[in-house]
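Work through the exercises below with the model open beside the text. Each task is followed by a solution in steps.

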Amino acid sequence: MKNKARFTFIIIFFIMTALLVFTLVKVNFNAGYGKSYTTTHQGETVIQLSWWGNDARHIYTMEGVDHFQELYPDVLVSYRYGEWNGYEKRTKVWMESDNEADVMQINYAWLDMYSSDGEGFYDLNELSEYIDLDNFTEEEKAYGTKNGKLNALPIAMNTHVFYYNQDVLDEYGLSLPKTWDDLFEMGEALGKDDRYVLGMSKKQMFILIISYYEQSSGKQMFNQDGTLAISKDEMTELIEFYRSLIDGHVLCPVDTFDRNRYMSGEIAGTMCWVSDTKIYCDGLAETGANVSRCMYPVLPGAKRSGWYTKPATMWAISSNTEHPEEAAKLLNYLLNDPYMVKLQQTEKGVPVSKKAIEILNEEGLSETNEYKAIEEMNEHQENLQLIIPNIENESIIDAFKQGADEYIFDKATAEECADVICDEINEIIEGTE
Amino acid sequence: MSDKNRKRERSDERFRLFQYEVLFVFAMLIIIVTAFLDYIILDRTGQAMQEKVSDLIAANSRQLELNINSYLERMETTPTLLFSDEVYYLYDETDEKMEDYDKVKNEETIKNRIVDIGLMDNYSDFGIVFADDHKVGWVSHGTQDLFKDGGIYDTFSSYITNPKKNDGWCFGVNGNSDRMYYIKRLNPNAILISSIYTRELASVFVYPEQLDEMTIRLVDDENTIMYSSDDSEIGEKLPDEILKNIEDEFFDAGNSSSIVTRDYLINTNVCFNGWRVVCSVPTDIILKENQELKSFTLRISGALAMMFVLVGLVIITKLSKPMDGMVSSLQDKAEIDRLSGVMNKATFQESVENELKKEPSDDLVVFVMMDMDNFKQINDRLGHSYGDQVIIRMGKLLRKLYNNQTIIGRLGGDEFALYTGCKDVPIEDIKAAAIERMEQVIEAFSEEFEYEREQCELSISAGVYIKEVSGTDFKDLYEKADSALYISKNNGKSCYTFYGEEAEDDEK
């Protein structure tokens, strides 16, 4: 009897142990089997953003995009960017091949080039649900309106400004120039040491030459419809003036202009957009130099100022975008979001958006050089004209510069060059039309 | 409560305790066995998981390597488009014999080419630098500002480390860590510099189903981090805990490999230019689910063990009810003489010996041996069954006469024994009490067995031995009392004799 009870107990014990182990093993292994799991990955909406600019702009814009994606994790933003030189050509390739980014930083002139009928870009009025248009006045929106359609919103207003290395001027006992003659006098002094009064890019050079033409002739170089208004004789005189600027050490040849030459004081001053103040004013100040600002030189008795203003840059949405809602959210973020506004500061100039101004006012906007330059611009409002797009047409600028080079390097006479330049510009304008 | 009852309860208590001990041991055994099995199973699962994750990361890292290789190859291929025309790559701005006009025209041509080529990617630099530091194309302000005192050409020329292809890669130029450069020599006095922002690599290093806390890095030949999913690391050296594993011989073989250490799972893939993609993830992150499973399983095991104990308790309770008293009954059967109801000889001896050893001990003991006179005639004349009845009645009589302080035993046949311990009582009083008690026994016996005395002359004789506890034992008590009994028998029976007084004729 005793043996039987013991045997029964052992059997019960092993059965219970086996049950327990079986249960545990089943719990462990059934975790991976027997059930079917479905992993779903919500695809993001991918949109593209494109812009041009300098290093600082590239870096803060990418940082802003990262922040935007944190706010909208279901939107993935890829980007294209580059420096201004050549960017117009890249944009032309993208636009003509219908391969442009969803959200684009555009130049004011491109509205005429790609959307003269208002169809080239998305009508932002249709996206007012996502874009806070109340931050812009009707006048500001008018800059981006074509054929009644709001194609773009301005980021900032821009005009040209001159910055001089005051230490260099002091070294030569010079004052800030007010007239063209002042510039030539300065060139005579600096030229003795093979230094130049001004250095600038090809594009700024063209506008400088235009301002002289308009001051001296009292006429615009381009008509409001974009056609060339200057005669060949006047172009001849203009080319000769351009050469005199170089020969008189007023203007450094654009091909040899290097920012480092300006920063080192070899070139005393520069002309740039207000939006480039960070590079040419603040950058020079960071080297320890004293920087002075002044406006255009004037010709005594001039009937026109030759000063232009424009929206510095604008944000637009591609008319081909498949994701207008997401694109509009990104555009609104770029213009009005506090984080982005603080990242951007006045790098593109003093912002137009009321919201952005409010935010930057708290950050000391009025102390910035950009703000001071724009304030000065506003004081001369009566002299400012809205820029004619062809003034910034890179092909036209190249035609002028390359034609003028023939004269500057004595490969042709001024008359011959003027003929070529006028013909080429007219061909370009006709081609654009 | 009688000693017997207390003894019975103690026996039952000991049995229940034994049951609980068995249950506890089994429960512990179950826990240990299941914990051991769990450990084995989960350990193997953990290892399998590590291997699978390692394989998965290795496969994904391989894809990253292919991505970055593809990206870097494109970075190398694009500049070669400058070799499509001699004007682009043979132009030497430092050639003093060349007229300025030709230089301007050549540079315009080159700029246009760069603009066309630059369409291919987001370059932060794409330009040509000549031996006199003159620049054509896109050489950014950021790069120019690294060389405010000149030396841009010489510095970048020194990074051309591949003599066959006349090119090279560099990072951390003059402390800059936001871009990586590719340098290609165009002619003895001109190099092409192209660069991208390292954060651009985020689009290359998109990791499918990225593990939490996994860090993806691109490091150069000197283990400087050029890109990291953790931005704060860029420009720093690889962390020591990663580096020490990277520097193992295993990794120095140059192969793309992975290793699982106690702290990290690390995977490295070598790019075609010698840079490495290094992915690392803390091991405990990989095993997080396994740890959770282990914890869950242990909880389940504990719960099951508890359940086992509870079920065991219920079973024990159910089983023990019918067994209640069985143990004590069995014990009684083993210890109590079935006829007389007093202790059998073995138990009586054990009890007496225990009493003799107990602390504090008694001073004196009274040991009595009793034997019925002429009991044989009862069996012969009245039958054995009647004899058994006599024994039964004798047991009852003794139990009636003696209280619990006296141990009563039947030593065999018609022989009984009594043991009583006394403390702090003078021996004279004890002896007087013993005499009185023996008189009572003889009288009670005479009354109880009157019929038997008339029929068979049944009577009782006794031998009494009073002794100090020290220096005695059961054998001594038994022999001395027995010898006194023997004297009583010889002296005519139906009397009692105190041991040691027979010489004085002390019989009654």
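**Exercise 1: one helix of chain A**

Task: find which residues of α7(A) are buried, and work out where they lie around the helix axis.

Solution. In this predicted model, the buried residues of α7(A) are A:Trp180, A:Leu183, A:Met186, A:Gly187 and A:Leu190. Viewed down the axis of α7(A), these buried residues fall within an arc of 115°, so they line one face of the helix. Next, look at what lies over them: the cover includes β8 (196-199), α8 (202-217) and β9 (267-273) of chain A.

**Exercise 2: checking helix lengths**

Solution. Buried in α9(A) are A:Met235, A:Thr236, A:Leu238, A:Ile239, A:Tyr242 and A:Leu245. After α9(A) comes A:His249, with a positive phi near 60°.

**Exercise 3: the two chains**

Task: describe the side of chain B that touches chain A.

Solution. Begin with the count: 34 residues of chain B are in contact with 34 residues of chain A. On chain B, α1 (3-77), α3 (100-118), α4 (141-144) and α9 (288-323) each supply at least two residues of this side. Sorted by class, the side has 16 nonpolar, eleven polar and seven charged residues.

Technical notes: Residues are numbered from 1 along each chain as its sequence is written. Chains are lettered from A and ligands numbered from 1 in the order in which they are written. This is a predicted model: local features need pLDDT of at least 70, side-chain atom pairs count only at pLDDT 80 or more; totals for chains, interfaces and linings use all residues. A residue is buried if 20 or more other C-beta atoms lie within 10 Å of its own, exposed if 12 or fewer, and partly exposed in between; C-beta atoms are placed from the backbone. Helices (H or I, at least four residues) and strands (E, at least two) are DSSP runs, numbered from the N terminus. The arc is that of the directions from the helix axis to the C-beta atoms. Two residues are in contact if their C-beta atoms, placed from the backbone, lie within 7 Å. Ala, Val, Leu, Ile, Met, Phe, Trp, Tyr, Cys and Pro count as nonpolar, Asp, Glu, Lys and Arg as charged, and the others, Gly among them, as polar.
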